[in-house]
Amino acid sequence: MELLWPEEDPRKSAQRFHVALASIRKTLEPDILKGNRSSYICRSGQAYRMVMGENGESDLRQFIGTVGSADRASDDEIAQDLYRKACAIYKGPFLREDPFDDWCETAREKYRQVYLSVLKRMLSSLERTDDWAQCIDTASAYLELEPYDEGMIQQLMRYHIRTGNRIMASRLYITFRQAVQEEFHCTVSDETTALYYHLKEGKALQR
């Protein structure tokens, strides 16, 4: 209760908690009668917990389970399909409706990193099949969460070059360089700049 309503009078917090608990029970089981035990919320001593039931599921469990299945898959194509499924399940930050609550920040960052690692693994597989269009989409999704990851910017530039879109690769470099200068008052790495001039000169990329 202190996490939910900090610095609140404990008596008021207890009342608010039980009102919220009753609302949750009614939402999960609209036809439940007063006094009947909930099928989904159980009390253990002074604690309450959610019980998913035999066939109960949540997007979080689906996401982690699908990633785990992909990691264990021996077939690259099957793994790739499972990673795509996991990415489709991931809808954004964990409990994003509470962006400033410290108590869930550790879990939020954990699942965010899992999602980013899945995108990187997808890229490794897509590169082996020369699926540059999918590489572009996947790298772009990664950069939506990590816009200043310079290594990923370099990869995305290369993907655009592979598809023959050197203009887009050049535009990506210029936009990124300006953003870095404005945000951090520094310049991009020599490696990124060298890649830019490489594409400006029309040179082919090495495998």
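Predicted model: local features only at pLDDT ≥ 70, side-chain atom pairs only at ≥ 80, totals over all residues.
1. First, a word on terms: buried here means under 20% relative accessible area, exposed means over 50%, and partly exposed is what falls in between, using a 1.4 Å probe and protein chains only. On that scale Y197 counts as partly exposed because its relative accessibility is 46%.

2. Residues are numbered from 1 along each chain as its sequence is written, and side-chain values use heavy atoms, with hydrogens and water left out.

3. Back to the two tyrosines. Y196 and Y197 form an aromatic pair that is edge-to-face, with 5.2 Å from centre to centre and 70° between the planes. The rule is that rings of Phe, Tyr and Trp (its six-membered ring) pair if their centres lie within 6.5 Å; planes under 30 degrees apart are stacked, over 60 edge-to-face, and the rest tilted. By this rule there are eight aromatic pairs. Elsewhere, ring pairs join F63, Y90 and Y115 into a cluster.

4. Now helix α8, residues 190–200, whose buried residues are T192, T193, L195, Y196 and L199. Those residues sit on the same side of α8 because they cover an arc of only 155° around the axis, the arc being that of the directions from the helix axis to the C-beta atoms. The face turned away from the buried side carries the exposed residues D190 and E191. As background, an α-helix has 3.6 residues a turn, so residues three or four places apart point the same way. Helices here are DSSP runs (H or I, at least four residues), numbered from the N terminus, as are strands (E, at least two).

5. What covers that buried side of α8? The cover includes α6 (150–162) and α7 (166–184). For α6, its axis and that of α8 come within 10 Å and cross at roughly 10°. The contact (heavy atoms within 4.5 Å) is made by E150, Q154, M157, R158 and I161 of α6 and by E191, T192, L195, Y196 and L199 of α8. The two helices are therefore roughly parallel to each other. That label goes to angles under 35 degrees, with over 145 roughly antiparallel, 65 to 115 roughly perpendicular and the rest oblique. The axes are lines fitted to C-alpha atoms, for helices over the stretch in contact, and angles run from 0 to 180 degrees between N-to-C directions.

6. From the α7 side, have a look at S170, which is found in that helix. S170 is buried, because its relative accessible area is 12%. Leaving aside neighbours within four places in sequence, S170 is in contact with Y196, L199 and K200.

7. Y83, in helix α3 (residues 76–89), is worth a click too. Is Y83 buried or exposed? At 7% relative accessibility, Y83 counts as buried. Its side chain makes a polar contact of 2.5 Å with the side chain of D71. A polar contact is a pair of N or O atoms within 3.5 Å; within protein, one must be able to donate a hydrogen and the other to accept it, and residues adjacent in sequence count only if both atoms are side-chain atoms. Leaving aside neighbours within four places in sequence, Y83 is in contact with V67, A70, D71, V118, R121 and M122.

8. E109 lies in helix α4 (residues 105–128) and is partly exposed, at 31% relative accessibility. A 3.2 Å polar contact joins its side chain to that of R112. E109 and D71 are 20 Å apart, C-alpha to C-alpha.

9. Two backbone spots to check by eye. Most residues other than glycine have a negative phi, and most peptide bonds are trans. E7 has a positive phi near 65°; E7 is in the segment before α1 (10–28) and counts as exposed at 86% relative accessibility. D130, also not a glycine, has a positive phi of about 60°. D130 lies in the loop between α4 and α5 (132–145) and is partly exposed, with a relative accessible area of 38%.
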